[in-house]
Amino acid sequence: MQSSEFALSKIYKRGHLSYYLMSDNRFDDCSENQNPILISVFSFLRWKNYWIRGVLSIAMITSFFFMISMGPVALIFVVMTIQIKCFQEIITIGYRVYRSYELPWFRTLSWYFLICVNYFFYGETLADYFGALVQKEEPLQFLARYHRFISFALYLAGFCMFVLSLVKKHYRLQFYMFGWTHVTLLIVVTQSHLVIQNLFEGMIWFIVPISIVISNDIFAYLCGFFFGRTPLIKLSPKKTWEGFIGGFFFTVIFGFILAYLLSQFQYFVCPVEFNSETNGFSVECEPSDIFVMQQYTLPSLFLFSFQKSVNLYPYQIHSIFISSFASLIGPFGGFFASGFKRAFKIKDFASTIPGHGGIMDRFDCQYLMATFIHVYIGSFIRGPNPTKVLQQLMTLQPEQQLAIFHTLHSNLRERGLIAPTE
């Protein structure tokens, strides 16, 4: 049997106590037959870790609400910062796993590809949502017109630099890292771009999904902590069916209430648009139908109740589907991240946040949610956007604009929407 001192020395060899406390077999070296003082130390440190996680969770949630109050521009910069940090954490793991610090130009090329992909996506966003600003500035008109060609040329330059940097003894390793970089770009940059796209549809499409994922994480943790008995999945031994089901139930309730609260304010429900007169963002509009209170007749299942109808915002009904995805499918993003970390024998993506790990550890489910919300909006919510159509028309040649005008005028006249000209 190991002595208490030897058990503690084994833990310290891991690097730090928090690693051991959060590992799956943290009490393997501390059985009930050993020194009770050692068991007390573990118990104290375990609860200390929970307190650290709790305090920092509250701090992060408070910071999130502070960023919301600063408006869409601040949120865009926050998303970009998180994206860069997540990319850095995943790429660093690749460097360590494949011992690729000595590969020529690879660290530089990884960040170069990140810049190229961001230039492409944010250039697309600039052309879509800042059309009025682009039309005012001649250089921006040139960049917008040839944006995709410039983006392709930049990527092609990086591709050629990669080929020229190939070293005979490192061929396989260099192609491993080339693939690692591109998969990371697909996961991180593409998803963060979708987050910003969702934000421009209205801040409610940004706030509610993120809040729902956070709440599901909290509720599942609490239900699992107090009632968890049945393991859910081998990839995450701490996850339980009780936490999974309890998290789903409370997350749906939370999302329903949050949707009701935010649907009342134009600031949250209106699309974020650039105002060329003020050179700033505006969130003023006539709310769409899904943010207007409507009366719904209760189904026969609820005939025993005192009410035959109920007043709801349609968005509250959408929130049920969003919460269900966040609770039932969203956790698989976390399971995927757990499998990734186990494959490379690491506990966390980084140690940026004490008690939580890296930034990627906190946002592994958010990226999956971002894709779902973007697809959901495109499939069930959003119709043609008149603002975008008008911006595209403004970029056409005068003769093309006149042709469209005459076609539209003729069509409206035939439908009787405008009086025929004499």
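**A close look at the cavity, the rings and the cysteines**

Mentor: The residues of the lining of the largest cavity divide into five nonpolar, three polar and no charged, where Ala, Val, Leu, Ile, Met, Phe, Trp, Tyr, Cys and Pro count as nonpolar, Asp, Glu, Lys and Arg as charged, and the others, Gly among them, as polar. Before going further, please keep in mind that this is a predicted model, in which local features need pLDDT of at least 70 and side-chain atom pairs count only at pLDDT 80 or more, while totals for chains, interfaces and linings use all residues. Residues are numbered from 1 along each chain as its sequence is written, and side-chain values use heavy atoms, with hydrogens and water left out.

A cavity is a set of points, on a 1 Å grid over the protein atoms alone, where a 1.4 Å probe fits but cannot get out, and its lining residues have an atom within 4 Å of a point. Grid points are joined across faces, edges and corners, and the volume is the space filled by probe spheres set on the points. The structure holds one cavity of 30 Å³ or more, and the largest cavity has a volume of about 40 Å³. Its lining is made up of Phe-106, Leu-109, Ser-110, Phe-113, Phe-162, Phe-178, Thr-181 and His-182.

Now turn to the aromatic rings. Rings of Phe, Tyr and Trp (its six-membered ring) pair if their centres lie within 6.5 Å, and planes under 30 degrees apart count as stacked, over 60 as edge-to-face and the rest as tilted. Phe-106, Phe-113, Phe-162 and Phe-178, from the cavity lining, also belong to one aromatic cluster, together with Tyr-112, Tyr-155, Phe-159 and Phe-175. By this rule the count comes to 31 aromatic pairs. In one of them, the centres of Phe-87 and Trp-111 are 5.3 Å apart and the planes stand at 70°, so the pair is edge-to-face. Because Phe-87 lies in helix α4 (residues 72–97) and Trp-111 in helix α5, the pair ties together parts that are 24 residues apart in sequence. Phe-87 counts as buried, at 0% relative accessibility, whereas Trp-111, at 28%, counts as partly exposed; buried means under 20% relative accessible area, exposed over 50%, and partly exposed in between (1.4 Å probe, protein chains only).

The cysteines complete the tour. A disulfide is a pair of cysteine sulfur atoms within 2.5 Å, and by this rule the count comes to one. The partners are Cys-270 and Cys-285, with their sulfur atoms 2.1 Å apart. They link distant parts of the chain, 15 residues apart, with Cys-270 in the loop between α12 (266–269) and β3 (273–275) and Cys-285 in the loop between β4 (280–282) and β5 (294–297). The torsion about their S-S bond is about -90°, so the disulfide is left-handed. Cys-270 is buried, because its relative accessibility is 0%, while Cys-285 is partly exposed at 25%.

Notes. On a 1 Å grid over the protein atoms alone, a cavity is a set of points where a 1.4 Å probe fits but cannot get out, and a pocket is an open set with protein on both sides within 12 Å along at least five of seven lines; lining residues have an atom within 4 Å of a point. Helices (H or I, at least four residues) and strands (E, at least two) are DSSP runs, numbered from the N terminus.
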